[in-house]
Amino acid sequence: MSNYYYDEKTGYLKALSDVRANDFDLSSFLIFGLKGIQIQTQVVLREIRTNISKALYRNVMYDLFKRLKSPRKRVIANRQIEILKILLQSDSIMLEDLAERTEHLYKNRKNPRKAYIRDINNLIQLQAISAKRGGENRYKLAVNLEWPTQITQTEFFKRIKEFPKSKTYSFLP
């Protein structure tokens with residue numbers, strides 16, 4: 001509640017002065033306080049829902065990606081899991097910033113940029129993440145927290161099978 005009082009300092013002081021002006025009738029201050037309780041509980045509820053969604057996302061992410069059988073797919077899945085873990089820590093991140101943070105995952109690849117873009121494209125195709133244009137040739141990436149409720153195991157493996165081969169990529173030039 002102290003955050004609410006601090007953010008609404010003018011309203012807080014007005015409610016206190018109304019109490020004094022109305023012969024110490026606390027009604028206006030109680031109404032102000034109850035509104036604060038409502039607002040703060042909504043903030044806390046949103047935070048709880050976000051944290052639960054992220055936990056569910058992590059569980060589904062590990063469950064599905066760790067089931068990939070071939071050694072090549074497991075290596076790719078491990079890189080994609082690392083990308084998703086970074087995205088889960090922030091609301092959104094620019095494509096270039098994510099590339100810098102995941103550079104170590106791609107340093108042994110023949111063409112690190114293509115492998116990185118392919119992994120991002122695959123995650124977009126899975127609808128696990130979204131990419132929004134954030135300026136000229138700049139993209140902002142974010143996890144789709146609804147993904148765990150939208151994807152089934154069957155659909156996941158079907159989409160994995162439909163991924164384009166390594167020489168093709170559609171998201172970025």
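Biologist: Which residues touch the most other members of the largest nonpolar core?

Modeller: In this predicted model, the largest nonpolar core has 33 residues. Those that touch the most other members are Tyr57, Phe65, Leu84, Leu98, Ile129, Trp147 and Phe156.

Biologist: Take Phe156 next. What does Phe156 touch, not counting residues up to four places away in sequence?

Modeller: With those sequence neighbours set aside, Phe156 touches Leu64, Phe65, Leu68, Leu126, Trp147 and Ile151. Of these contacts, Phe65 and Trp147 are also among the residues that touch the most other core members.

Biologist: Let us turn to helix packing. At what angle do helix 4 and helix 7 pack?

Modeller: The angle is about 75°, and the axes of helix 4 and helix 7 are 10 Å apart. The two helices are therefore roughly perpendicular to each other, since angles of 65 to 115 degrees count as such.

Biologist: Which residues make that contact?

Modeller: Helix 4 contributes Ile76, Arg79, Gln80, Ile83 and Leu84. From helix 7 come Ala115, Arg118, Asp119, Ile120, Asn122 and Leu123.

Biologist: And how many are nonpolar, polar and charged?

Modeller: By class, the contact of helix 4 with helix 7 has 6 nonpolar, 2 polar and 3 charged residues.

Biologist: Asp119 interests me. Is Asp119 buried or exposed?

Modeller: Asp119, which is found in helix 7, counts as buried because its relative accessibility is 0%. Leaving out residues up to four places away in sequence, Asp119 touches Ile76, Arg79, Gln80, Ile83 and Tyr106.

Biologist: How far apart are the C-alpha atoms of Asp119 and Lys85?

Modeller: These C-alpha atoms are separated by 14 Å, and the two residues lie 34 residues apart along the chain.

Biologist: Back to Gln80, then. Is Gln80 buried or exposed, and what does Gln80 touch?

Modeller: Gln80 lies in helix 4 and is buried, with a relative accessible area of 1%. Apart from residues up to four places away in sequence, Gln80 touches Phe65, Asp119, Asn122 and Leu123.

Biologist: A change of topic: how many aromatic pairs does a search of the whole structure find?

Modeller: The search finds 11 aromatic pairs. One of them is formed by Tyr5 and Phe32, which are stacked at 5.9 Å centre to centre with 20° between the planes.

Biologist: Where in the chain do Tyr5 and Phe32 sit?

Modeller: Tyr5 is in helix 1 (residues 2-7) and Phe32 is in helix 3, so the pair links distant parts of the chain, 27 residues apart.

Biologist: Are they buried or exposed?

Modeller: Tyr5 counts as partly exposed, at 25% relative accessibility, whereas Phe32 counts as buried, at 11%.

Biologist: Which residues form one aromatic cluster?

Modeller: Tyr4, Tyr5, Tyr12, Phe29 and Phe32 form one cluster.

Methods: Residues are numbered from 1 along each chain as its sequence is written. This is a predicted model: local features need pLDDT of at least 70, side-chain atom pairs count only at pLDDT 80 or more; totals for chains, interfaces and linings use all residues. Side-chain values use heavy atoms; hydrogens and water are left out. A nonpolar core is a set of buried Ala, Val, Leu, Ile, Met, Phe, Trp, Tyr and Cys residues joined through side-chain atoms within 4.5 Å. Buried means under 20% relative accessible area, exposed over 50%, partly exposed in between (1.4 Å probe, protein chains only). Contact means heavy atoms within 4.5 Å. Helices (H or I, at least four residues) and strands (E, at least two) are DSSP runs, numbered from the N terminus. Rings of Phe, Tyr and Trp (its six-membered ring) pair if their centres lie within 6.5 Å; planes under 30 degrees apart count as stacked, over 60 as edge-to-face and the rest as tilted. Axes are lines fitted to C-alpha atoms, for helices over the stretch in contact, and angles run from 0 to 180 degrees between N-to-C directions. Angles under 35 degrees count as roughly parallel, over 145 as roughly antiparallel, 65 to 115 as roughly perpendicular and the rest as oblique. Ala, Val, Leu, Ile, Met, Phe, Trp, Tyr, Cys and Pro count as nonpolar, Asp, Glu, Lys and Arg as charged, and the others, Gly among them, as polar.
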